[in-house]
Amino acid sequence: MELIVNNANDGILIQDLEGRIEWSNPAYSRMTGFSADEIRGKKPQEFVIPPESRPSPEEIEEFRYDISSGHLEDFESILNIRKNGELFWNQLSFAVATFEEGAEPKVVIIAREITEQREHEEELKRSESRNKELAEFDSLTGLPNRMKLSKHLEAVVASAMESGKTAGLLHIDLDQFKTINDTLGHSVGDKVLIHAAEQMTAIVGEMGMVGRFGGDEFLVVFEETFGFEPLKEIAKKILNALEQPFQSGDHVVQFGCSIGIAITGDHAKTANDLIKHADVALYEVKRSGRHNISCFNKVLGTVYARRMELSSQLASAIEEGQLCVELQPQYNLERGTVHGFEALIRWHHPKYGKLPPQEFLTIAEQNGLMSQVDSVAMHGALDALRAMDDAGHHDLRISINVSTATLNQPNYVKDLCSAVSSRELSNDRVTLEVLETNLLEGMNGSNLEAIREVSNEGFKVELDDFGMGYAGLAHLTRITTHGVKIDRSMVRNMLLDPATLTIVRTIIALCSELGMTVVAEGIEEIEQAEELQAAGCTVIQGFGVGHPMPLSQALKWLQRSEVSPIIANISPTYKQFDELRDFLTAK
């Protein structure tokens with residue numbers, strides 16, 4: 001027994017019921033730094049408990065083990081101090097040793113140092129805390145992330161429905177964020193997100209929880225509000241704060257935001273309802289031009305319900321042939337002849353009638369159906385061009401809108417060539433219209449490669465909605481395009497705003513220098529057409545030339561059974577007239 005206790009790694013003590021040490025082994029001395037002689041007759045509380053935690057002398061003197069229950073606590077972990085002042089963790093186990101009748105029991109304590117184990121446990125706790133923080137907080141902005149926001153919102157809405165209070169939600173989307181990322185770099189984009197988070201947190205304060213929902217979207221959750229008005233006031237402050245320019249390194253960055261607002265009530269009883277309603281309100285802001293605030297209402301609810309209905313039906317509508325193209329004529333100002341037609345997709349819905357593209361193309365993008373929609377448009381457009389050829393109109397062109405999703409399809413160019421060839425048409429009579437912003441998204445990727453491929457195959461490419469995106473004049477030489485299409489809003493404003501007219505003239509002049517076609521859309525007045533003709537615009541399109549129409553009507557239009565009043569009043573501009581005009585202007 002002496003061999004065992006003297007060589008044990010754990011400290012061993014024998015105490016009387018008053019707690020005085022009667023015997024200790026060498027391991028206990030190594031652990032505490034006190035020799036057996038130093039501590040014999042003392043209570044451990046007198047020397048191994050750190051001074052700041054040590055009981056008073058009176059409490060130590062009064063201490064006595066209570067063995068009446070028949071057992072002591074199995075394990076106790078306690079912070080101790082060595083003779084040299086070093087702290088360590090000690091795990092104690094207790095046992096009561098009884099002897100012959102009449103002799104006082106003794107308490108046997110086995111002491112094991114667990115400092116390293118405790119440190120591992122503490123590190124594990126810290127690690128778990130960090131993991132929890134990473135799981136619930138956005139690493140960039142430090143705000144609650146989508147998961148934590150969702151949990152909090154569920155609890156808030158449930159509490160509001162139970163108590164009869166009104167919870168509120170702001171859904172905030174940053175404007176121009178993608179453009180900042182693409183043009184100034186992701187490091188500046190990150191600073192924009194951090195700046196936006198700081199501004200929103202400062203405004204909201206303790207009134208609600210601000211969190212990053214994902215990307216450039218933020219949510220602000222309010223446990224209690226008194227209707228839309230208080231939330232609108234907070235939203236206005238956020239709107240104003242985020243539109244202020246701020247310095248990021250060498251750049252002065254300016255952006256804005258769009259905000260959708262929703263509150264709990266009869267039609268929003270769950271967190272999911274509230275998010276959907278705020279999203280619908282935000283969508284309304286985006287649809288109407290961004291940088292504004294919108295509150296969910298019954299009208300928007302009806303619109304949302306219709307969107308959901310159309311979303312669930314679009315895939316089957318494509319399969320059932322409910323989508324088709326209509327043709328809008330384009331007029332060549334130089335030649336005084338019909339240039340061709342743009343194929344515009346329409347949905348002939350059995351319940352809602354003919355739906356314009358703006359009502360379902362966003363749904364198609366969200367549902368991953370843009371390639372199928374583009375396929376319907378492509379085949380419908382080429383069928384129409386074939387029919388016009390058969391009717392004797394051999395010099396017309398057809399313009400087809402193509403999305404990024406379709407450009408990224410690996411077999412797109414091959415399928416396009418096959419579709420044109422199978423109808424015995426020539427590639428140079430087909431123009432692909434690509435949104436200027438879509439090309440910017442893929443300036444170094446597959447979009448540009450697809451554009452190069454279709455150009456190499458002899459197809460024409462035009463930048464659609466030119467002037468409304470961010471590619472701009474500087475990128476024209478980097479993109480394999482044959483023309484641009486000036487956006488209708490610029491055409492509409494050019495007679496009212498001298499600056500817009502200057503921009504339009506500059507675009508036309510530059511494209512002329514580069515040998516590019518310029519198509520101006522949205523022509524409704526003779527003055528617009530005349531101004532564009534004088535500036536050297538090549539082709540015009542709009543209601544003043546002709547409305548979108550089915551193929552049968554387009555064939556009649558080509559026979560001049562329906563002559564546009566604008567076309568009837570515009571004389572062709574031939575090159576010799578241009579030269580004479582330049583000569584007279586110079587004189």
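A: Happy to! Let's start with a pair of strands: β7 and strand β8, which spans residues 217-222, run antiparallel and are joined by 5 bridges. Within that pairing, M209 has V221 of β8 as its bridge partner. Strands and helices here are DSSP runs numbered from the N terminus, with at least two residues (E) for a strand and at least four (H or I) for a helix, and two strands pair if DSSP finds at least two bridges between them.

Before going on, a word on the source: the model is predicted, local features need pLDDT of at least 70, side-chain atom pairs need pLDDT 80 or more, and totals for chains, interfaces and linings use all residues. Residues are numbered from 1 along each chain as its sequence is written, and side-chain values use heavy atoms, without hydrogens or water.

The pair belongs to an open sheet of 5 strands, ordered β7-β8-β6-β11-β12, in which the pairing is mixed. At its edges stand β7, residues 209-214, and β12, residues 293-295, each of which pairs on one side only. From one strand to the next, the twist averages 20°.

Packed with α9 is helix α8, which covers residues 186-204; the two helices meet at an angle of about 145°, and their axes are 10 Å apart. From α8, the residues making the contact (heavy atoms within 4.5 Å) are A196, Q199, M200, I203 and V204. They meet I234, K237, I238, A241 and L242 of α9.

For comparison, here is another sheet. It is open and has 5 strands in the order β2-β1-β5-β4-β3, with antiparallel pairing. Its edges are β2 (21-24) and β3 (75-81); each has a single partner strand, so one side of each has no neighbour in the sheet. Here the strand-to-strand twist averages 30°. Inside the sheet, strand β1 (residues 11-15) and strand β5 (residues 106-113) run antiparallel and share 5 bridges, and Q15 has V107 of β5 as its bridge partner.

Elsewhere in the chain, Q328 sits in strand β13, residues 323-332. Q328 counts as buried because its relative accessibility is 7%; buried means under 20%, exposed over 50% and partly exposed in between (1.4 Å probe, protein chains only). Beyond its neighbours within four places in sequence, Q328 is in contact with G340, F341, E342, L344, Q541, G542, F543, G546, H547 and P548.

S399 belongs to strand β16, residues 397-401, and is also buried, with a relative accessible area of 3%. Leaving out residues up to four places away in sequence, S399 touches Q330, F341, E342, A343, T431 and E433. T362, placed in helix α12 (residues 361-366), is instead partly exposed, at 29% relative accessible area. The C-alpha atoms of T362 and R307 are 9.8 Å apart, although 55 residues separate the two along the chain.

Technical notes
Axes fitted to C-alpha atoms, helices over the stretch in contact; angles between N-to-C directions.
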